[in-house]
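Please keep the sequence and the model in view while reading.

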Amino acid sequence: MSLIEISDYRLAFDGFEGRVHVLDGIDLAVEAGEAVGIVGETGCGKSVLARSLLRLNPAPPARVVSGAIRFDGADVLAMDAAGLRRLRGGTMGMVFQDPVTYLNPVFTIGRQMEEVLRAHEPAMPRAARRDRAVALLDSVRLPGPAALLDRYPHELSGGMRQRVLIAQALAGNPRVLIADEPTTALDVTIQRQVLALIADLVERLGLTLLLISHDLGVIGAACRRIVVMYAGNVVEDAPAALLFAAPRHPYTQGLLAAMPDLRRPGHMPQGIPGSIPNLRDPPRGCRFHPRCPLAAEICRQEKPELRGAPHAVACHMVPA
Ligand SMILES: Nc1ncnc2c1ncn2[C@@H]1O[C@H](COP(=O)(O)OP(=O)(O)OP(=O)(O)O)[C@@H](O)[C@H]1O
Ligand SMILES: [Mg+2]
């Protein structure tokens with residue numbers, strides 16, 4: 001049994017203009033201690049998938065069409081309120097893209113750390129809570145953590161704010177850290193430092209990591225395994241080294257060709273022609289076929305299955 005097991009998971013949003021088929025049969029199993037990166041273009045369903053693990057997609061309009069999600073054997077889709085509280089509050093810590101939105105500008109960092117800790121351990125005495133807040137801020141390598149408690153979010157840089165949010169995500173001693181575009185709002189050097197911190201925490205605390213990004217470079221820096229999503233499907237799932245050396249899905253090949261290559265100055269990265277499909281009326285068969293250079297008749301008719309291990313690919317045109 002894997003720590004996280006997602007099977008044939010379909011999720012749609014019901015809107016005024018009809019149903020949007022966002023996740024189209026996701027299969028993904030993650031072992032304890034793995035660092036898995038999820039990559040794909042904007043709108044492909046990365047954040048919806050991450051939120052699904054914690055049942056955070058508002059329902060309605062969200063609607064689970066089929067499938068199962070299991071965490072450590074427990075059925076997440078059937079979990080009661082107490083189970084969900086444990087899952088969200090303790091078991092899985094989540095970090096989001098924009099540290100500004102998730103910190104309250106009118107309260108000090110100390111007050112906000114305290115609130116998070118109080119939610120986890122209501123009985124903890126105030127002084128102990130303060131010590132724990134300092135220890136958490138220290139564990140994300142924020143300098144002068146005690147003095148930081150009296151600062152307001154606007155007095156911190158973007159990288160520091162993201163570290164505070166990571167510290168908050170660690171407050172419940174999670175087993176899993178879900179980081180959804182944690183570095184997208186940061187500039188490149190800071191981005192690298194925050195990724196190094198996440199990789200180090202995963203190692204030190206023995207966390208399972210799900211790192212979400214539209215940037216393969218970011219994922220490659222922190223994850224041993226990469227899951228590529230396209231329009232609500234997993235199209236490739238492979239050890240990072242294999243995926244970079246020999247990508248098998250035409251979409252992954254396109255993503256890699258779109259990465260700037262520092263070893264070849266003057267080389268212009270190629271974009272993938274076409275655009276992501278409208279999920280209100282997604283293409284039949286393989287959702288990538290309208291943009292795919294290899295598309296054949298079968299691709300327009302039948303959805304390809306994800307097959308192969310450890311290098312799985314969902315493409316009719318790739319030999320098994
Ligand atoms: N609450 C919601 N109601 C309706 N549609 C939603 C809702 N949340 C997400 N969606 C739709 O689900 C699709 C996938 O969105 P999601 O945020 O998961 O994409 P993403 O891969 O995380 O993209 P990005 O890289 O831009 O963050 C989009 O078409 C989005 O509009
Ligand atoms: Mg997103």
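The lining of the second largest pocket consists of twelve nonpolar, six polar and four charged residues. In this count Ala, Val, Leu, Ile, Met, Phe, Trp, Tyr, Cys and Pro are nonpolar, Asp, Glu, Lys and Arg are charged, and the others, Gly among them, are polar. The volume of this pocket is about 570 Å³. Of its 22 lining residues, R88, G89, V116, H120 and Q168 are the closest to the centre. The elements that each give two or more residues to the lining are α2 (81-91), β6, α4 (109-120) and α7.

A pocket here is found on a 1 Å grid over the protein atoms alone, as an open set of points where a 1.4 Å probe fits, with protein on both sides within 12 Å along at least five of seven lines; lining residues have an atom within 4 Å of a point. Grid points are joined across faces, edges and corners, and the volume is the space filled by probe spheres set on the points. Helices (H or I, at least four residues) and strands (E, at least two) are DSSP runs, numbered from the N terminus.

The model is predicted: local features need pLDDT of at least 70, side-chain atom pairs count only at pLDDT 80 or more, and totals for chains, interfaces and linings use all residues. Residues are numbered from 1 along each chain as its sequence is written, chains are lettered from A and ligands numbered from 1 in the order in which they are written, and side-chain values use heavy atoms, with hydrogens and water left out.

**The sheet**

Seven strands form an open sheet with mixed pairing, in the order β6-β7-β8-β3-β9-β10-β11. At its edges stand β6 (92-95) and β11 (312-313), each with a single partner strand, so one side of each has no neighbour in the sheet. Helix α7 (residues 158-170) packs on the sheet and touches β6 and β7, and its direction makes about 165 degrees with that of β6. Contact means heavy atoms within 4.5 Å. The axes are lines fitted to C-alpha atoms, for helices over the stretch in contact, and angles run from 0 to 180 degrees between N-to-C directions.

Strands of a sheet pair through backbone hydrogen bonds, either parallel or antiparallel. Two strands count as paired if DSSP finds at least two bridges between them.

| Strands | Sense | Bridges |
|---|---|---|
| β7 (residues 176-180) and β8 (residues 208-213) | parallel | five bridges |
| β3 and β8 | parallel | five bridges |
| β3 and β9 | parallel | four bridges |
| β9 and β10 | antiparallel | six bridges |

G37 has L211 in β8 as its bridge partner, while V39 stands opposite V228 in β9. The bridge partner of I226 in β10 is A238.

**Buried elements**

Which residues of β8 point one way, and which the other way? T208, L210 and I212 point one way from β8, L209, L211 and S213 point the other way, and all are buried. Buried means under 20% relative accessible area, exposed over 50%, and partly exposed in between (1.4 Å probe, protein chains only). Because six of its six residues are buried, β8 is largely enclosed by the rest of the structure.

Strand β9 also has six of its six residues buried, so the rest of the structure largely encloses β9. From β9, R225, V227 and M229 point one way and I226, V228 and Y230 the other way.

Helix α11 (residues 250-257) has six of its eight residues buried, and is therefore largely enclosed. The buried residues of α11 are P250, Y251, T252, G254, L255 and L256. Their cover includes β3 (35-39), α9 (216-222), β9 (225-230), β10 (233-239) and α10 (240-245).

The hairpin of β9 and β10 has two residues between the strands, and A231 in the turn has a positive phi of about 45 degrees. A231 is not a glycine, and at 4% relative accessibility A231 is buried. D8 also is not a glycine and has a positive phi of about 45 degrees. D8 lies in strand β1 (residues 4-15) and is partly exposed, with a relative accessible area of 34%.

The peptide bond from P60 to P61 is cis, with omega near 10 degrees; P61 is in the loop between α1 (46-53) and β4 (62-71). Another cis peptide bond joins A309 and P310, with omega about 0 degrees. P310 is in the loop between α12 (297-301) and β11.
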